[in-house]
Amino acid sequence: MAHDTFKIGDLTAIIGDNAGENEHKAGYNGVWSLRHKRSTRGLFVPPYVGLNHEHIFNGDAEDEPGIFFEPRVAPMEFKKLASDEAELHQPPPPPFHLESWTRFKLVPPQYLSISYRCVAHQ
């Protein structure tokens with residue numbers, strides 16, 4: 001499990017991988033919490049995340065959570081890149097073998113930039 005708190009301008013965000021910790025439920029990755037300094041509560045309702053890499057699918061109706069929710073269950077790596085930026089990397093898990101990187105950057109005074117890239121290995 002890996003995560004960190006980022007504070008830039010008016011925003012505070014917790015960004016982390018898909019492992020669980022305390023009230024944060026396993027299987028949810030990305031922005032665990034997002035709060036504006038004038039708000040009395042966060043934007044999302046714990047223990048669920050608000051912005052995350054959720055599904056990979058090929059058009060077939062897959063009912064198995066381990067397949068349809070592959071980004072939730074396959075391990076990913078959290079890396080703090082700077083005081084305002086983090087990246088989640090998911091090596092290519094089966095069955096779709098889609099390697100991905102999601103980058104989160106807080107931008108003053110109150111913006112969250114998210115970029116996503118992937119490589120299909122099959």
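Trainee: Is Lys37 buried or exposed?

Mentor: Happy to start there. This is a predicted model, where local features need pLDDT of at least 70, side-chain atom pairs count only at pLDDT 80 or more, and totals for chains, interfaces and linings use all residues. Residues are numbered from 1 along each chain as its sequence is written, and side-chain values use heavy atoms, leaving out hydrogens and water. Buried means under 20% relative accessible area, exposed over 50% and partly exposed in between, with a 1.4 Å probe and protein chains only, and at 59% Lys37 is exposed.

Trainee: Which residue does Lys37 meet in a salt bridge?

Mentor: A salt bridge here is a side-chain nitrogen of Lys or Arg within 4 Å of a carboxyl oxygen of Asp or Glu. The N to O distance is 3.3 Å, and the partner is Asp10.

Trainee: How many residues apart in sequence are the parts that this pair ties together?

Mentor: Helices (H or I, at least four residues) and strands (E, at least two) are DSSP runs, numbered from the N terminus. Lys37 lies in the loop between strand 3 and helix 1 (65-68), and Asp10 in the loop between strand 1 and strand 2, so the parts tied together are apart in sequence by 27 residues.

Trainee: What is the strand order in the open sheet of three strands?

Mentor: Two strands pair if DSSP finds at least two bridges between them. Strand 2 (residues 11-16) and strand 3 run antiparallel and are joined by six bridges. The pairing in this open sheet is antiparallel, and the order is 1-2-3. Strand 1 (3-8) and strand 3 (30-36) are at the edges with a single partner strand each, so one side of each lacks a neighbour in the sheet.

Trainee: Which residue forms a salt bridge with Arg103?

Mentor: Arg103 is partly exposed, at 32% relative accessible area. The closest N and O atoms are 3.0 Å apart, and the partner is Glu87.

Trainee: Where do Arg103 and Glu87 lie?

Mentor: The two strands concerned run antiparallel, with six bridges joining residues 85-90 to residues 98-107. The pair ties together parts 16 residues apart in sequence, because Arg103 lies in strand 6 and Glu87 in strand 5.
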